[in-house]
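Hi,

Here is the structure I promised to pass on. Please open it and keep it beside this email while you read.

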Amino acid sequence: MEVIIQGDASAAARLVALIIEKQVKLNPYSVLGLATGRTMEMVYEMLVNGHHTKGTDFSLVRTFNLDEYVGLSADDANSYRSYMNRRLFGKINIDMRNTFIPNGMAADLPAECLRYERQIRHVGGIDMQLLGIGQDGHIGFNEPLSALRSVTRVKALTPDTIRQNGPLFGHPDMVPRRAITMGVGTILETSRCLMLVTGMGKAEILQKAIEGPISSMVTASALQLHPHCTVICDEAAAANLDGKDYYRWIFMNEPEWEDYRKL
Ligand code: F6R
């Protein structure tokens, strides 16, 4: 795992957007794993901007989203399908048929989960997976106690997550109680992970995820097992990290980051 600390949320999102743009440029057929949530809004804004100003070409890219609420249709304003269409897919030159999100309205939810997992395998797996982290340490909707080898399945949301996402629905009572989510195991199978974490509200959980023990109580900690995971955070989210000096030293000295240091 590598940790890159940027000055603020905007610089952190910019770095994530640049890494994704580079990936798409190097491999126009890239399979991207995408996340939703407030943290990602800036990244998608920057990718849209990059598409218009730098000509980032998404025409051959395929995408798989981490999760979707059970019971929300694609045209529900709060569904993750609607979020993605609004913030990214509808504003770039991606072929909508290449954008995959679990169907939260499927009559047979376990079959839908199996189908999604197979679809990811069918395209050869995810090249780059974008992740955020919940206040309880979840990645996707892998709430505490999710098996670290879990695959796509239906998960019940915790009261904390329901409260956290409540404002987006107007009231916590409106938040669906279940979601389809890629599993921790599905995420660990991806070739590369980028986790973006910003704001002081995430400082405590980020420290546990990166520097604490690997535990199903903080599913993001499983990323310590991933062969190529980069955590990009801002100073506020990095506040509690013990190894800050070392992480900064790596960023300033490793050749991989040379192009990005000049930004
Ligand atoms: C959503 C997802 C979640 C969010 C997490 C953080 O697709 O995967 O794990 O990344 O809940 O959400 P925000 O960014 O709203 O704090």
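Thr 39 is buried, because its relative accessible area is 18% and the cut-off for buried is under 20%. Bear in mind that this is a predicted model. Thr 39 sits in helix H2, which covers residues 38-53. What does Thr 39 touch, leaving aside its neighbours within four places in sequence? It is in contact with Leu 196, Thr 198 and Lys 202.

Next, look at how H2 meets helix H1 (residues 9-26). Their axes come within 9 Å and cross at roughly 50°. The two helices are therefore oblique to each other. The crossing is right-handed. On the H1 side, the contact residues include Ala 13, Val 16, Ala 17 and Ile 20. On the H2 side, they include Met 42, Val 43, Met 46 and Leu 47. By class, the contact has nine nonpolar, two polar and two charged residues.

Now the sheet. Three strands make an open, antiparallel sheet in the order E4-E8-E7. Why do E4 (67-69) and E7 (153-156) count as edges? Each has a single partner strand, so one side of each has no neighbour in the sheet. On average, neighbouring strands are turned by 30° against each other, direction ignored.

Zoom in on E4 and E8 (residues 178-181). Three bridges join these antiparallel strands. Tyr 69 stands opposite Ala 179 in E8.

Last, find helix H4, residues 109-122. H4 lies across E7 and E8, and runs at about 25° to E8.

Best wishes

Definitions and conventions
Residues numbered from 1 in each chain as written. Predicted model: local features only at pLDDT ≥ 70, side-chain atom pairs only at ≥ 80, totals over all residues. Heavy atoms only, no water. Helix = DSSP H or I, 4+ residues; strand = E, 2+ residues; numbered from the N terminus. Buried < 20%, exposed > 50% of the residue type's maximum accessible area, 1.4 Å probe, protein only. Contact = heavy atoms within 4.5 Å. Axes fitted to C-alpha atoms, helices over the stretch in contact; angles between N-to-C directions. Parallel < 35°, antiparallel > 145°, perpendicular 65-115°, else oblique. Left-handed = near helix turned anticlockwise from the far one by under 90°. Nonpolar A, V, L, I, M, F, W, Y, C, P; charged D, E, K, R; others polar. Pairing = 2+ DSSP bridges.
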